[in-house]
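Please read it with the sequence and coordinates open.

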4 protein chains.
Amino acid sequence: MISFENDYSEGAHPNLLKKLVDTNMTQESGYGLDSFSLKAVEKIKATLGLAAKSSSVRFLQGGTQTNQIIIDSMLQSYEGVIAADTGHINVHEAGAIEFTGHKVLTLLSREGKLHSEDVSRYIDTFHNDSNFEHMVFPGMVYISWPTEYGTLYSKQELIDLRKVCIQNKIPLFIDGARLGYGLMSEKCDLTIEDIAELSDVFYIGGTKIGALCGEAVVFTKNNEPDHFTTVVKQHGALMAKGRLIGIQFLELFTDNLYFEISKHAINMAHKLKQGFQEKNYKLYMDSPTNQQFFILENKKIDELSKKVKFARWEKYDDNHSVVRFVTNWASTRENIEYLLSVI
Amino acid sequence: MISFENDYSEGAHPNLLKKLVDTNMTQESGYGLDSFSLKAVEKIKATLGLAAKSSSVRFLQGGTQTNQIIIDSMLQSYEGVIAADTGHINVHEAGAIEFTGHKVLTLLSREGKLHSEDVSRYIDTFHNDSNFEHMVFPGMVYISWPTEYGTLYSKQELIDLRKVCIQNKIPLFIDGARLGYGLMSEKCDLTIEDIAELSDVFYIGGTKIGALCGEAVVFTKNNEPDHFTTVVKQHGALMAKGRLIGIQFLELFTDNLYFEISKHAINMAHKLKQGFQEKNYKLYMDSPTNQQFFILENKKIDELSKKVKFARWEKYDDNHSVVRFVTNWASTRENIEYLLSVI
Amino acid sequence: MISFENDYSEGAHPNLLKKLVDTNMTQESGYGLDSFSLKAVEKIKATLGLAAKSSSVRFLQGGTQTNQIIIDSMLQSYEGVIAADTGHINVHEAGAIEFTGHKVLTLLSREGKLHSEDVSRYIDTFHNDSNFEHMVFPGMVYISWPTEYGTLYSKQELIDLRKVCIQNKIPLFIDGARLGYGLMSEKCDLTIEDIAELSDVFYIGGTKIGALCGEAVVFTKNNEPDHFTTVVKQHGALMAKGRLIGIQFLELFTDNLYFEISKHAINMAHKLKQGFQEKNYKLYMDSPTNQQFFILENKKIDELSKKVKFARWEKYDDNHSVVRFVTNWASTRENIEYLLSVI
Amino acid sequence: MISFENDYSEGAHPNLLKKLVDTNMTQESGYGLDSFSLKAVEKIKATLGLAAKSSSVRFLQGGTQTNQIIIDSMLQSYEGVIAADTGHINVHEAGAIEFTGHKVLTLLSREGKLHSEDVSRYIDTFHNDSNFEHMVFPGMVYISWPTEYGTLYSKQELIDLRKVCIQNKIPLFIDGARLGYGLMSEKCDLTIEDIAELSDVFYIGGTKIGALCGEAVVFTKNNEPDHFTTVVKQHGALMAKGRLIGIQFLELFTDNLYFEISKHAINMAHKLKQGFQEKNYKLYMDSPTNQQFFILENKKIDELSKKVKFARWEKYDDNHSVVRFVTNWASTRENIEYLLSVI
């Protein structure tokens, strides 16, 4: 059955597989020190406009692992991470952050986003509390961009969040599991260079955008944690054949591939959204990226489930639910058209 | 430069890559529920002669991760794991076991192996200590097969260890990162079915034997920890595209591929060992598997380093060191011959 | 300056100190195996009407430590604890629960209390979520009785909570740091036997009710975690001179002392509340126990701060704040009268 | 039965109890900010000759807790602590160090002591290992003084260890659970000021030397970990009534009490040792402090067990065992004489 359930249903973009095949028998060093990973690091830094010396790029395997390791390695033991109550780390990572000893300090989100004034007020309240030493210190701000609801922070919103972080001397971490899909959205007023400049650490999602696995973590401010290799190993996350991820990112950052396949997914999402709207389906949230949320009658959902795969998100009211349809780098025009013909 | 440094210098066996390419655009469920992973599980169970219902097979990415998750999920919080002082989990995993709160209880090893009488004595001493409640409970026995020195436990030795485990009601865990290389050794008196029968949990190493990444964990006694998927996710180790590993293991367990490529590595190791011995180099340990250890003069080592890559293992005396040469599924006859021509 | 800031400003009830002096030079076993601790355990079980064999009583030092150890030892690694967003473990314990790897799953509270329907709905939603395996399992319900706002769950409310716990096979844990102050309240419709019956584990607070330190943990359903002594030691919480706490609880449970001194605190709180109300100060929450919350003008607060000590709790509006006045076993009639004369 | 089993069989020195009684009803701040704790801190700093600004003193409850918190708060997450294989943290603390994620890196001890050359060689080997990033970094040296066998490092031995620590930029931590008994030994060539100067952090044991509970941690080099109060709270170790420990240490450091009662224990140990030697019992180790180890026939041990309490330490040979007799601040001349009359 054709699936719009998530953005990781297919394998990898064919260029990546071809490169894996072509380089397969070359002998390389392990643990990310292979020549492909090293070149991929340089390409990414060049794309981001980051000086080689003041930044670093490291490859990890998946989103939860990446969130866990970044947060655990950048926080002090007595610190927690501020996140939206809807943030992935708070809801859908099985307590991976708490597993490493850190509390997720949640703030009410609006459209999946944290608001800078809320963050600022939270931190001020903390420091003004006479009992603050009995509480978890806010040590980082985590946001996802795009968010779990497909929405985007504007450049001004990121600037405002960054200002709060600078004032409070804590880092801003941007979870970019779907970074490309945000950057290629019509509603995006940011470049990838802006993301690098406005964050202390972020990652470029590969798993959801064309790779078999892999996320590229960028420490943008000369702030890679000490002995990060050892930290990664200690978390069970150091790959022997680091080339697997290095080769894929090298290819993704060759000839703009990462951006082009992201743009394709956005185009497909646009077509999908338009089709739903033409048939008068109601948007749950107006997402400008590859995840689209609609409010459907439960009866309709049951019916549609027999024809295509998609995700039931949450209850809306007694007769309606929120559903999610997702496009990605591999979505085809034909499949979208089929979907629109059956709704 | 030609390398004999480790067993993860190349990519994957071409059959695996071909299968990845062939299945690439099929849409599949995530997190290990794809059709390939499900088939691979069945194939592995069939190979092991395990009843489908009383065993389970789960895929993880690499060795340290696998050791960490198995040990953490099978131990009680107050228990530690018994291992050889030379065991991988004790020395070369950056404290990944302790990271999850468990002590590695080390016993002196002989040729990289634990002896069952030592294990038995250790556990008895623990239980007879009037202060045992102030000490870490021995909750599991961990061995690697082959060991870090390429040596093999015999069937009798495993039977003896298992007996001690049963008497003390603790599981026996076999780290099989190089399992195939052990099974195909001339000195091996065990089958893979024996490994399954004699252990409570073990894993079939993929990373070092033909795969880009991946280890297949086998819980052999109807003893998969509750909610293992959640536990894996919490450790940051649940792959979105589980198909990557499922497809590779499906291929490895098709037409005996896993065993054949393992046998090839053993043949190449035999040739290499013979060549060194013919030139009167001294074995450090008489390994019957794919890792070969020799004692070389430091001067010789420096000279040889300019021609091929290999690992300096440890100091032997003031003028000599132990070095390690490794073959694997990808080793070529030509490379071995070249090596033997320059030593 | 006279203080109403908290319930741990003084030392211990004189009877306890006297007993410590009288027994001082007796030689006793360590780690809670002294004759006093053993007797105290029996006295507490008798008071609770618990059969000796099906329950156990263990002594720990303070509230945060007790909460941490109970929760960590009774949860599986992949489980979290449900608590009110205002619960002590969520706000004022510096992340001690997360430190041991567990998430606090917060629900909106009303007057500091969890409502059984909210808990039931939360757990149902969890189990109905198609992604529940990627989320933290609800593994326990934690409530404090009295709550952080001095309020009390009624017997019916506890019965309802317990029902939800039984249906979902998870334990109900009652934090009784101020248990005596709850039991002696006029509004209390529960006995200490009820508390034991309706909970799976609870503790009898000593630190805030007459002791120098110490909380008596009661596992009521034959459910003490395996090797609890080792678990306590591993958390750094096993006292060498366990007699210190054993002697104090032995005395507290001799001749009804625990209940009488609790009653005294309630009487003093009643007098205090009445005095404030007679002067038309507004209650923030109508607490029937030893913590009293009022809404005062900020100017009044500054003025009053020069005469007595009390806690500023939270902002109410731009001109008013919530303040807390606390009585305890040691509060004197004279001090209350002085306070009422200066407000 | 008269006991020589350990050094925590009695309550507290009467002066301490008297002070607790005398100050009992004074209202004081919680969490170690009471006036007694603050004064005790000053007294201890004065005794140690430490400048108020460049050092800090903090009170914790017991030895395991203190070791756990110091080690966890001073190490980076990827670091372990070097200790003698016989060290308390390695053997008798139920894995409390590993519970917080850190490995204990053990070296063979001689008479319970680490040798500086062994430490130096271990660290050098670590840094010269080409795989050091896959291993646990040595981040601290832990020693106990006196050791678990009652032996003492000489001043020169401490100077040598400190030199190794400075060269490798890691702290030296001295576990002084029995500090007074070391300082008052005839064989001691160190002052308490030397201990402060030669260590980065150490603690003055109270539990075993006259107090009901309590250890005074001294950070000697302006190196108290950031937000140590929060760290202590997070470990469940912050006492509400910190006065309990503050008052006791204030008294212990008034009129030399700590040293005088320690001296008494040493005198009693000397008498005990002499008595055993006069009867030709063989010393297992020649301890100059309050713990005395003898080699006794098993038959003799069984017989003696009926008359006095003492600890069986370990097997010596098939017919003999090592036993331990301990004196402390409370030991009486009469009890020693009785013991000597029955051996």
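Through which surface do the copies, chain A and chain B, meet? The points below begin with that matter; the model under discussion is a predicted one.

1. Helix H1 of chain A. In this helix, which spans residues 14-22, the buried residues are Leu16(A), Leu17(A) and Leu20(A). Their arc around the axis is only 95°, which puts them on the same side of H1(A). The face turned away from that buried side carries Lys18(A) and Asp22(A), both exposed. As for partners, the buried residues of H1(A) pack against helix H11 (243-252) and helix H12 (257-278) of chain A, and also against helix H1 (14-22) of chain B.

2. Extent of the contact between chains B and D. Chain B contributes 17 residues to this contact, and chain D likewise contributes 17 residues. The size of an interface is often given as the accessible area lost when the parts come together. For chain B and chain D, the buried area is about 1,400 Å², and carbon and sulfur atoms give 51% of it. On the chain B side, the residues that lose the most area to chain D are His92(B), Glu98(B) and Lys103(B), which together account for 36% of what that side buries.

3. Polar features of the same interface. Eight residue pairs are in polar contact between chain B and chain D, counting pairs with both residues at pLDDT 80 or more. The interface of chain B and chain D also holds two salt bridges. In a salt bridge between Lys103(B) and Glu98(D), the side chains meet at 2.5 Å, N to O. Helix H4 (88-91) and helix H5 (96-99) of chain B each supply at least two residues of the side that touches chain D.

4. Is Leu60(C) buried or exposed? Its relative accessible area is 1%, and Leu60(C) is therefore buried, the cut-off for that class being under 20%. Beyond residues up to four places away in sequence, Leu60(C) touches several others, including Ile69(C), Val217(C), Val232(C) and Ile245(C). Val217(C) is 157 residues from Leu60(C) along the chain, yet their C-alpha atoms are separated by 7.3 Å.

Conventions
Residues are numbered from 1 along each chain as its sequence is written. Chains are lettered from A and ligands numbered from 1 in the order in which they are written. This is a predicted model: local features need pLDDT of at least 70, side-chain atom pairs count only at pLDDT 80 or more; totals for chains, interfaces and linings use all residues. Side-chain values use heavy atoms; hydrogens and water are left out. Buried means under 20% relative accessible area, exposed over 50%, partly exposed in between (1.4 Å probe, protein chains only). Helices (H or I, at least four residues) and strands (E, at least two) are DSSP runs, numbered from the N terminus. The arc is that of the directions from the helix axis to the C-beta atoms. Contact means heavy atoms within 4.5 Å. Buried area is the accessible area (1.4 Å probe) that two parts lose on being put together, summed over both. A salt bridge is a side-chain nitrogen of Lys or Arg within 4 Å of a carboxyl oxygen of Asp or Glu. A polar contact is a pair of N or O atoms within 3.5 Å; within protein, one must be able to donate a hydrogen and the other to accept it, and residues adjacent in sequence count only if both atoms are side-chain atoms.
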